[in-house]
Amino acid sequence: MNGAEHVWQFGQVRVWLLPHVPGTRGEPQARELLARELGGTPQGLPLTRDERNRPWLIGELAHYGTGWSHSGTHLLVGLGEGARLGVDLERQRPRKQMREVIRRFFHPQEVSWLDGLDDAACEQWFFRVWCAKEALLKAHGHGISFGLEKLRFAPDAAGALQLVWCDPGLGDAARWHLYEWQATEDFRAALAWYPLSRSE
């Protein structure tokens, strides 16, 4: 997939994976894509950031939600009409402190679940859960500083990751839509979003 753009559609949200130059900011490239999709120029796009650095489309494009994440040679960009969203992209690689990170930062029931797995299975689920948490907390607007333990994921009978509980500050767990997938051989991706009401 190197050098090529790829796109997925999840409900009313579209997600693009683009080649990215490591060490550079994601916003200029995201602006180019958003301007291409929404019209206008990258510089003229009504895009701002709040006090937590979360990107927002404002003005006549305020009914669109957007977000992006870059890792290594890839940039993930999400755009959805009438949606509040967050995306995350993580390179899968061995992490020596993986189990320590899980025990320190994850929800207690996630810790119990993941502690019971062998290293290979634990690593696979660790990246899936981490990516999902980041995407949802980015959508919420606070990022991981809100607390990774304040939401709990678990696999359903088919092996799909589900949000089974979250802190009331994140709203009702049932309103969240989660999609997580293997974006490339080495990168895991996640999208979390919910439909906006007229008052939001």
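**Exercise 1. Charges over rings**

Task: Find which ring face Lys-150 lies over, and at what distance from the ring centre.

Solution: Lys-150 lies over the face of Phe-146, at 4.7 Å from the ring centre, where a charge sits over a ring if NZ of Lys or CZ of Arg is within 6 Å of the ring centre and within 35 degrees of the ring normal. The model is a predicted one, in which local features need pLDDT of at least 70 and side-chain atom pairs count only at pLDDT 80 or more, whereas totals for chains, interfaces and linings use all residues. Residues are numbered from 1 along each chain as its sequence is written, and side-chain values use heavy atoms, with hydrogens and water left out. A second ring, that of Phe-106, has Lys-133 over its face, at 5.0 Å from the ring centre.

**Exercise 2. The setting of Phe-106**

Task: Determine where Phe-106 lies, whether it is buried or exposed, and which residues it touches.

Solution: Begin with the position, which is the loop between H2 and H3; helices (H or I, at least four residues) and strands (E, at least two) are DSSP runs, numbered from the N terminus. Next take the accessibility: Phe-106 has a relative accessible area of 4% and is therefore buried, given that buried means under 20% relative accessible area, exposed over 50%, and partly exposed in between (1.4 Å probe, protein chains only). Then list the contacts (heavy atoms within 4.5 Å): leaving aside residues up to four places away in sequence, Phe-106 touches residues including Val-111, Leu-114, Phe-126, Trp-130, Lys-133 and Leu-148. Of these, Trp-130 is 24 residues from Phe-106 in sequence, and their C-alpha atoms are 8.9 Å apart in space.

**Exercise 3. The two sides of helix H3**

Task: Identify which residues of H3 are buried, which are exposed on the other side, and what the buried ones pack against.

Solution: First, the buried residues of H3 are Glu-110, Val-111 and Leu-114. They cover an arc of only 105° around the axis, so they are on the same side of H3; the arc is that of the directions from the helix axis to the C-beta atoms. An α-helix has 3.6 residues a turn, so residues three or four places apart point the same way. On the other side of H3, Pro-108 and Ser-112 are exposed. Finally, the buried residues of H3 pack against H2, H4 and strand E8 (151-155).

**Exercise 4. Salt bridges between separate elements**

Task: Work out how many salt bridges there are, and examine which elements are tied together by Lys-138 and Asp-88.

Solution: With a salt bridge taken as a side-chain nitrogen of Lys or Arg within 4 Å of a carboxyl oxygen of Asp or Glu, the count comes to 14. In one of them, the closest N and O atoms of Lys-138 and Asp-88 are 3.0 Å apart. Lys-138 lies in helix H4 and Asp-88 in strand E7 (residues 83-91), so the pair ties together parts that are 50 residues apart in sequence. The accessibilities of the two partners are then read separately: Lys-138 is partly exposed at 25%, while Asp-88 is buried at 2%.

The side chains of Arg-99 and Asp-119 also meet in a salt bridge, with N and O 3.0 Å apart. Because Arg-99 lies in helix H2 (residues 98-105) and Asp-119 in helix H4, this pair ties together parts that are 20 residues apart in sequence. Arg-99 counts as buried, with 18% relative accessibility, whereas Asp-119, with 52%, counts as exposed.

A further salt bridge joins Asp-115 and Arg-103 (3.2 Å, N to O), linking helix H3 (residues 108-115) with helix H2 across 12 residues. Asp-115 is partly exposed at 34%, and Arg-103 is partly exposed at 48%.
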